Amino acid sequence: MSSNKGVVVLGSTGSIGRQTLDVIAQHSDRLHAVALACGTRVAEMEGQAARFGVQHTAVGADAALGLIGLDDADIVVNALVGSAGLRASYETLAAGKTLALANKESLVVGGDLLMPMAQQPGQLMPIDSEHGAIYQCLLGEDPREVSCLWVTASGGPFRGRTRDELAQVTASDALAHPTWTMGPKITIDSSTLMNKGLEVIEAHHLFDMPYERIQVVVQPQSAIHSMVEFADGSVKAHLGTTDMRIPIQFALSYPERWDAPVEPLDFRTLGRLDFAAPDTDTFRCLSLARQAGAVGGTLPAAMNAANEVAVAAFLRGDCGFLDIPACVEAVMSSHDTQPVESVDQLEGVDAAAREAACRFLSSVHVA
Ligand code: MG
């Protein structure tokens, strides 16, 4: 690998993609963009390509696969949205390249396939503030001495609301997220706590940790990005400014640390750190995701597909907030779970679960 690494950015016009290009611009002596892919905002991507002198671009998840094999591509930042990102993750690891993974659905759906392919240290770097935090807390530690992972959650914009109140909320209420700036899909997932459920499954795969040793705690200030508890009762926490460029940069700089254009946390003005248990009775997606993860096999893929369909419907105003967990639960309960075998199989499960989710939502709509 050359000292100036070539980066492919899949999902370049989304929140993570734009911030990745920001990191690349800050560190042009160490990183350069070699290819960009987007979903629909083609003119914006062409502007980025002109600005960064990028020759190779692609539109859509299938076309994006063609960029992974480019000779000067060392790192692939997978910031595609949803299970459509699975094959790109698979192809990146199969090509022996570094996968900087913001597409957590890849691991939720295909963690059983992807993790055995990523045995080189640093080959799969999470771009998720919680998992970047845990990754850093584990550096230099013996995995056998870890007793528990604490995944922190902001609690989302509806923390403290009752189910009756949640029945009335709209997509624009949910998109007003208090701490992190993110795309619409993850913002809705954040408001249902499904994002935290997906992150528990992501942590299970990334850190080879059984589900009973992964805890979720609400930390509303989002100053603690996650924690690791060890056998002797010591706990390491990762703190920092809530700016995704920090975890993005860490994924690209590892094993080094580079300067970041981010104001460091000023503990003198931070005030307080609060903690609370998540309200899993009201926000049922977290428990449903945990349940899917614990059963394993193809169930997380079906669960994830149902969630993607329901979130898209909610964003269009076609279903209510509480229809999201109801849809996920209905699809999970009708799914015949099988061991994970291949990307083709998982794409088949994804497609079937999407159909089941659409049927469920249209039945709710008629009633
Ligand atoms: Mg996260």
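**Exercise 1. Find how helix H4 passes helix H5, and which residues make the contact.**

*Solution.* Start with the handedness: H4 passes H5 in a right-handed crossing (the near helix is turned clockwise from the far one by less than a right angle). Next, list the contact, meaning heavy atoms within 4.5 Å. H4 brings Leu-86, Ser-89, Tyr-90 and Leu-93, while H5 brings Ser-106, Val-109, Gly-110 and Leu-114. Sorted by type, these residues give 5 nonpolar, 3 polar and no charged (Tyr counts as nonpolar, Gly as polar).

A word on the model: it is predicted, with local features needing pLDDT of at least 70 and side-chain atom pairs pLDDT 80 or more, while totals for chains, interfaces and linings use all residues. Residues are numbered from 1 along each chain, and side-chain values use heavy atoms, without hydrogens and water.

**Exercise 2. Describe the packing geometry of H4 and H5.**

*Solution.* Two packed helices are described by the angle between their axes and the distance between the axes. Here H4 (residues 86-94) and H5 (residues 104-114) have axes 9 Å apart, at an angle of about 30° (axes are lines fitted to C-alpha atoms over the stretch in contact; angles run from 0 to 180 degrees between N-to-C directions). Helices are DSSP runs of H or I, at least four residues.

How values were computed
Helix = DSSP H or I, 4+ residues; strand = E, 2+ residues; numbered from the N terminus.
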